[in-house]
Amino acid sequence: MISKNKPKDFKEKFEVVSCFIECQSQILLLHRQDSKPQGDTWGMPAGKANDGEDLKNALAREIMEELGFSIDTNAVGYFDKFFVHHDNYDFVYHIFYLNLETKPRFIINPVEHKDATWKTPTEALMLNLVPDEDYCIKAFYRL
C-alpha cells in the first residue's frame with residue numbers, strides 16, 4: 001500500500017530513491033530479474049539509499065549500478081515522497097525526475113534487470129509494473 005500521508009503504524013525500515021528518466025516524451029523502465037523481489041515486473045531505476053547517504057547521491061549511485069552511466073545530480077529534480085507499507089516492512093519512497101535531450105547509452109546490470117524499454121507514461125501503465133508504480137506514474141504525470 002502506498003500513501004501520501006504517513007500511516008499511524010508506519011515503521012520505516014529504509015528509504016528508496018527512484019527516478020523518471022525522460023527523453024522525447026518517454027520514460028525509461030527496467031524489467032526486474034525473476035529472482036529479485038517483485039521479479040518479472042517493470043519499474044523506474046530505483047534502489048535503497050544507504051544510511052546517511054544524500055538522496056541525490058544515492059540516486060546517482062543506483063543509476064550507475066543499474067545502467068552504467070553517470071548523471072548530473074544538479075539536473076535532477078525532486079518530485080515527492082510517499083510512504084509504502086508492506087506486510088514485512090515499510091519504507092519511504094522518494095521520486096526524482098531527469099529530462100534528457102538524447103537517450104543515453106547504457107548497459108543493463110544483468111544481476112538486477114533483464115531488459116529495458118522506453119515508453120510513454122500511458123504505455124507504461126499497460127505493463128506488468130512493480131506494485132504501486134502505476135500510482136506514481138499517475139501522480140507524476142497527472143493521469
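Me: How much space lies in the largest pocket?

Reply: This is a predicted model, where local features need pLDDT of at least 70 and side-chain atom pairs count only at pLDDT 80 or more, while totals for chains, interfaces and linings use all residues. Residues are numbered from 1 along each chain as its sequence is written, and side-chain values use heavy atoms, with hydrogens and water left out. A pocket is an open set of points on a 1 Å grid over the protein atoms alone, where a 1.4 Å probe fits and protein lies on both sides within 12 Å along at least five of seven lines. Points are joined across faces, edges and corners, and the volume is the space filled by probe spheres set on them, which for the largest pocket is about 710 Å³.

Me: Which residues that line the largest pocket are the closest to its centre?

Reply: A lining residue has an atom within 4 Å of a pocket point. There are 29 of them in the largest pocket, and the closest to its centre are Val16, Arg32, Gln38, Ala46 and Gly47.

Me: Which elements give two or more residues to the lining of the largest pocket?

Reply: Helices (H or I, at least four residues) and strands (E, at least two) are DSSP runs, numbered from the N terminus. By that count, the elements are β2 (12–23), β3 (26–32), β5 (46–48), α1 (55–67), β7 (90–99) and α3.

Me: How many residues of the lining of the largest pocket are charged?

Reply: Ala, Val, Leu, Ile, Met, Phe, Trp, Tyr, Cys and Pro count as nonpolar, Asp, Glu, Lys and Arg as charged, and the others, Gly among them, as polar. The lining has 14 nonpolar and six polar residues, and its charged residues number nine.

Me: Which residues are in contact with alanine 139, leaving aside its neighbours within four places in sequence?

Reply: Alanine 139 is in helix α3, residues 133–141. Its relative accessibility is 29%, so it counts as partly exposed (buried is under 20%, exposed over 50%, partly exposed in between, with a 1.4 Å probe and protein chains only). Contact means heavy atoms within 4.5 Å, and on that basis the residues are Phe79 and Phe82.

Me: What kind of pair do phenylalanine 91 and tyrosine 93 form?

Reply: Rings of Phe, Tyr and Trp (its six-membered ring) pair if their centres lie within 6.5 Å; planes under 30 degrees apart are stacked, over 60 edge-to-face and the rest tilted. The structure holds 13 aromatic pairs. In this one the centres are 6.2 Å apart and the planes are at 75 degrees, so the pair is edge-to-face.

Me: How far apart in sequence are the parts that tyrosine 97 and phenylalanine 140 tie together?

Reply: Their rings are 5.5 Å apart centre to centre with 40 degrees between the planes, a tilted pair. Tyrosine 97 lies in strand β7 and phenylalanine 140 in helix α3, so the parts tied together are apart in sequence by 43 residues.

Me: Over which ring does the charged end of lysine 48 sit?

Reply: A charge sits over a ring if NZ of Lys or CZ of Arg is within 6 Å of the ring centre and within 35 degrees of the ring normal. The charged end of lysine 48 is 4.5 Å from the centre of the ring of phenylalanine 14.

Me: Is arginine 142 buried or exposed?

Reply: Arginine 142 is found in the segment after α3, and its phi is positive, near 55 degrees. Most residues other than glycine have a negative phi. The relative accessible area of arginine 142 is 78%, so it is exposed.
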